[in-house]
Amino acid sequence: MVFPAGVLTDAIWAPILGGFLVLAVGDRNGRLARWLALAVSLLTFVLTIPLLTRFNTHTAAMQFVERIPWIPALHIHYHLGIDGISLWFILLTSFLTVLVVVASWTSIQKRVAQYLAAFLIMDGLMIGVFCALDAILFYVFWEAMLIPMFLIIGVWGGARRVYATIKFFLYTFLGSVLMLVALLYLYFQSGHSFDLLTYQETPLGLGPQIWIFLAFLMAFAVKIPMWPVHTWLPDAHVEAPTGGSVILAAVMLKMGAYGFLRLSLPITPDASHHLAWLMILLSLVAIVYIALVAIVQQDMKKLIAYSSIAHMGFVTLGLFVFTATAMEGSILQMLSHGFISAAMFLCVGVLYDRMHTRDIHAYGGVASVMPVFATLMMVFAMGNVGLPGTSGFVGEFMVVLGTYPEHPWAAILAATGLVTGAAYTLWLFKRVIFGAVFRPEVALLKDLNGREVLVLGSLAVLTLLMGVWPAPFLDIVHQSVHHLLGQAAVSKIPG
Amino acid sequence: MQNPLVHWSFAIPEIWILVMACVVLLVDLFWGQKQRDLGFWLSIFCLTGAMVLSAAEMGKAGSAFYGQLLMDRFTNTADLAVELLGLLVLFYSRGYLMLRGLYRGEVLALLLFGTLGAMVMISGGNLLSLYLGLELLALSQYALVAIYRDQLRATEAGLKYFILGALASGLLLYGMSLLYGLTGSLGIGKIGMALSDASPDNYVLIVALVFVVAGVAFKLGAAPFHMWLPDAYQGAPTPVTLFMASAPKIAAFALAVRLLAEAGSSAMAIWQQLFVALAVLSMLIGNVVAIAQTNLKRMLAYSTVSNIGFLALGIVAGSQNGLASALFYVVVYALMATAGFGMIVYLSREGFEAEEISDFRGLVQQRPWTAFLLLLIMFSLAGVPPTVGFYAKVAVFQALVQAGFVWLAVFGVLMAVVGAFYYLRVLKVAFFDPPPEGARTSGGDPLAGITLTVNSLALLVLGIVPAPLMTFCFHALQEVM
């Protein structure tokens, strides 16, 4: 097969065009739409694999670069490129989209072509966010992503879906528009360029840097989400269909952190140092306080949503202590959380498809009727706890380790998050999986079918693989993190 | 001065439309009863021909009739936009007018005269011709609003619009007369030169500009001069609303460019402040009041007010960059507004106006394609990429940031978020709510359907490749100022 454009362009546009194709097939041909969507998502995944095999780990420069003028009147370019930081997220995105398509094979019956098309289009847009090196292009992908997600939650969501989706949209939209003003300001500061790499070289006084940093913070903090702008997430997660929750937790939340890595740290290094205390503080609140909130949840999805916020706290903590260990830990933690949170939401989806309730009290003793499911879920629960041998351990451990020399107290507080994390996860696991079967519905549950084993099994393999052998993941990230820390260490204040 | 006859060629599109409008009237008089479509296709021919003529003159510069009409890139670009929008209006409204017994030569001729008025406003190089164009456009619109004579709401809207519009014309005329008194000239260029050394605290000049700005704001529909707009929009037959929301806005913007940026460029400090106030009020009132509307036409009317606020931001920036962005914004907005009102026209059928938001319930289940187009229109109005509405906002915001009004840009983007809410509400009704009992079955006018499809898809396509339109608009302003 020959594609005319670059690898990245193919990876972005193949799922988008494929999505429209699926839309054209229509809901009446549900079967055809499913197979076509699977083919498109697999094709996209295959298209992203060369990024890994042809990636040069010895340089921090952008690779697979494509750059053509797009809007000459404003010097906007269609500028794509990836480095070690973005590579894994692209693969994560395309891989999870395949899983989402497979996982919704039977559970979505209503307007199935539209559902699958929305995910495929979003796949392309999310890959676009991770590749874009032009500020406006980045922003376009970043915002356009909201449209399919708005529909996914609103059409296929739970009972309070309308409230949840409008809240989700407006919250994230509000966060992003201020970023737009900051990007426009940078356009004039950098001498009429929207190039993110030029922004990184542009000297800026501390005052403007702080304003820009705060504008970025609004956008990224909402997306991650950080305390106190996290309140949209539990609503969105609970109401979204399983696939929506998976993509939301596994990929969309990472975009906020990716934004810090790509924009905040290199463009406003002085402000990042200046306000690092704030970021560390907010991260610790997420780790400590949100974890406590998670413990008391009665709804499985809500519990996992809060646990996501707490885990993302580790990520933001690792970004703002400026050590290589912590930053690499953050990136690994993002990936690991991508696997584990996706898997946890899929597990809830498996139960929900059978029982149509997410209430923890409705379950109990699932292990005795669904042994395969219980085993797989245990892997993910252990990953969520951060048990050594799973991917969850590597990231969180590296973050805490990297934080300790700089901010010992922050490291100690963050470490308590590991304990609370164990508390809510294990308690959830105990109440749902173990114990006696006391409900007749539970006794009738069927164990996983082949399709579900495939989906959850592949994630379990990845979780364990990354837990015991994180080196290949780190190798790719290493040079880029090193380069980024170098950028963040040099002051951009002129004079 | 050269032989003025030579320069008549610069007015050929206008003359063409004038002649054709008269032909349409006559044809309707003699054959109108039997050959209804004749007038319609003649009007289409008229506007298509005008587009060709305008396009042929692209790049020429000069003036006709001793400076009464100016010809430059700006004129050509805006003329083309106005003619295209006129065509869209015609295509949308044929089926609607036919079902309601309004498919008559007068409507077509009034539309053509309105378009002509807009074009004269765009190319006017003299206070007289500007005012003439303005009145021609306005009178056509008054008549069009009230054309549905049997409907109380339409005649009421027409009267309201007429009285307030006459007041606005009076304000503008008073401002113009003061400008004449100050400079002793009616020509735009001469006024500009005479004012070039005016001191900024020349009170007469301030008063003159306040009146001029008030008049322009009235025609644009900027708050606090927006009172007529929701009533007129709601009361008028939807195709007329469609027309009012599109071409006249471009004409009013051109009026602002001619009167303020060209004639009053040296007094920028004065009108800039006025436009800051207009922009802030329009965005605030338009967006907040739109939330409370249940009628889609009324909601879109308030959305017009807010969009005029965003447009005013470009004028505030004042620079060539700012005006070019504003032109881009107003052209894009006109396209979005035609699509929005066109949607209402398309979904209306005999005895039923699809103008309440609740009329769109469950649209996606009955007409997925139409619902998809609605999605594009609403997200474009909200300014969400990858639709063209986003680039329009980016353009004005960047001009604003360049001019140093960062706070105003921040206010603007926050208002855009407020605006997103009511556009989303329409989508919520169309996508998330169940359809009403007794589903809609009627097909809708196919011509309007095709127009709507092209128009709405253009919002997406122009969003993915915005460069041509943007470059086109940015070039247009190169000779102005």
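**Figure 1. α9(B) passes α13(B) in a right-handed crossing.** The view is taken from a predicted model. Helix α9 of chain B spans residues 203-220 and helix α13 of chain B spans residues 268-291. Their axes come within 10 Å and cross at roughly 35 degrees.

**Figure 2. Residues in the contact of α9(B) with α13(B).** From α9(B), the contact is made by L205(B), I206(B), L209(B), V210(B), V213(B) and A217(B). The partners on α13(B) are I270(B), W271(B), L274(B), F275(B) and L278(B). By class, the contact holds 11 nonpolar residues, with no polar and no charged ones.

**Figure 3. The interface of chain B and chain A buries about 3300 Å².** Carbon and sulfur atoms account for 88% of that area. In chain B, the residues that lose the most area to chain A are V417(B), L424(B) and F432(B), together 19% of what that side buries. The contact involves 39 residues of chain B and 36 residues of chain A.

**Figure 4. Polar contacts across the interface of chain B and chain A.** The rule finds 2 residue pairs in polar contact, both at pLDDT 80 or more. Salt bridges across this interface number 0.

**Figure 5. Helices on the side of chain B that touches chain A.** At least two residues each come from α16 (363-366), α17 (368-382), α18 (388-402), α19 (406-432), α20 (446-464) and α21 (467-476) of chain B. The largest share, 14 residues, is supplied by α19(B). Over this side of chain B, 33 residues are nonpolar, 5 polar and 1 charged.

How values were computed. Residues numbered from 1 in each chain as written. Chains lettered and ligands numbered in written order. Predicted model: local features only at pLDDT ≥ 70, side-chain atom pairs only at ≥ 80, totals over all residues. Heavy atoms only, no water. Contact = heavy atoms within 4.5 Å. Buried area = accessible area lost by both parts, 1.4 Å probe. Salt bridge = Lys/Arg side-chain N within 4 Å of Asp/Glu carboxyl O. Polar contact = N/O pair within 3.5 Å; in protein donor to acceptor, adjacent residues only side chain to side chain. Helix = DSSP H or I, 4+ residues; strand = E, 2+ residues; numbered from the N terminus. Nonpolar A, V, L, I, M, F, W, Y, C, P; charged D, E, K, R; others polar. Axes fitted to C-alpha atoms, helices over the stretch in contact; angles between N-to-C directions. Left-handed = near helix turned anticlockwise from the far one by under 90°.
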